[in-house]
Amino acid sequence: MLVSSRVADKPTHVHEESPMPDTVFLPDRIEVTRVIPAPAAAIFDVVRSPAGHVAIDASGMLQDFTGEPAEKVGDTFVIHMDRESLNDIPLGKYDVTVHIIVFERDKEIAWDLGPDVPVAHFYGYRLDAAEDGGTTVTAYYDWSKVGDDIKGRFPIVPESALRATLGILERTVKKGQ
């Protein structure tokens, strides 16, 4: 697991009190990184899109979508889920609304599940220039603000799934989605 921090170019947030923690050096956060031989713009187009989320998901939970690619903080789209893929909680099929909480074109995107799911966890991707025109992509998942009463259920998505998602992202970007 790679843990890193950003100081400059702080992202903008939709909430007055940021849903993002002050630091990434937390035990309740996973970050995985992979260099993808593609420009940041091509990668960002996949990760800002609900179709892209479904296409690159390694957990098996994301089944379909409704909505358009995100353009700014505050945008939303719906992901049709199937929790049976994890075989942990018998939720079956359900929908979640993705709420974009960080949006810096070609640099970073993050989302939570908004007020409908009162569990303070979020996901995101950070993109940085790499050598040879590639992009260093960091996928992160943070549940540091989840209450102690349910914190034991986390992480829902394991590090291996985040890592696999980056591999699928590389394959997807190469195909031109």
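This short talk covers the nonpolar cores and the salt bridges of the structure above.

The model is predicted, so local features need pLDDT of at least 70 and side-chain atom pairs count only at pLDDT 80 or more, while totals for chains, interfaces and linings use all residues. Residues are numbered from 1 along each chain as its sequence is written, and side-chain values use heavy atoms, with hydrogens and water left out.

I start with the cores. A nonpolar core here is a set of buried Ala, Val, Leu, Ile, Met, Phe, Trp, Tyr and Cys residues joined through side-chain atoms within 4.5 Å. Buried means under 20% relative accessible area, exposed means over 50%, and partly exposed is in between, using a 1.4 Å probe and protein chains only.

The largest nonpolar core has 41 residues, and the members that touch the most others are Ile 109, Tyr 125, Tyr 141 and Leu 169. Which helix gives the most to this core? Helix α3, residues 159-175, does, with six residues. Helices (H or I, at least four residues) and strands (E, at least two) are DSSP runs, numbered from the N terminus.

Take Leu 169 next. Setting aside neighbours within four places in sequence, Leu 169 is in contact (heavy atoms within 4.5 Å) with Ile 36, Ile 43, Val 46, Val 47, Ile 56 and Val 137. Another core, of five residues, lies apart from the largest one, and Val 102, Ala 110, Phe 122 and Tyr 140 are among its members.

Now the charged pairs. How many salt bridges does the structure hold? There are 11, each being a side-chain nitrogen of Lys or Arg within 4 Å of a carboxyl oxygen of Asp or Glu.

In one of them, Asp 28 pairs with Lys 151, with the closest N and O atoms 2.8 Å apart. Asp 28 sits in the segment before β1 (29-36) and Lys 151 in the loop between β7 (135-142) and α3, so the bridge ties together parts that are 123 residues apart in sequence. Both Asp 28 and Lys 151 are buried.

Another salt bridge joins Asp 75 and Lys 72, at 2.6 Å from N to O. Asp 75 counts as buried at 15% relative accessibility, whereas Lys 72 is partly exposed at 48%.

Back in helix α3, Lys 174 and Glu 170 lie four residues apart, about one turn of the helix. Their salt bridge has its closest N and O atoms 3.3 Å apart.
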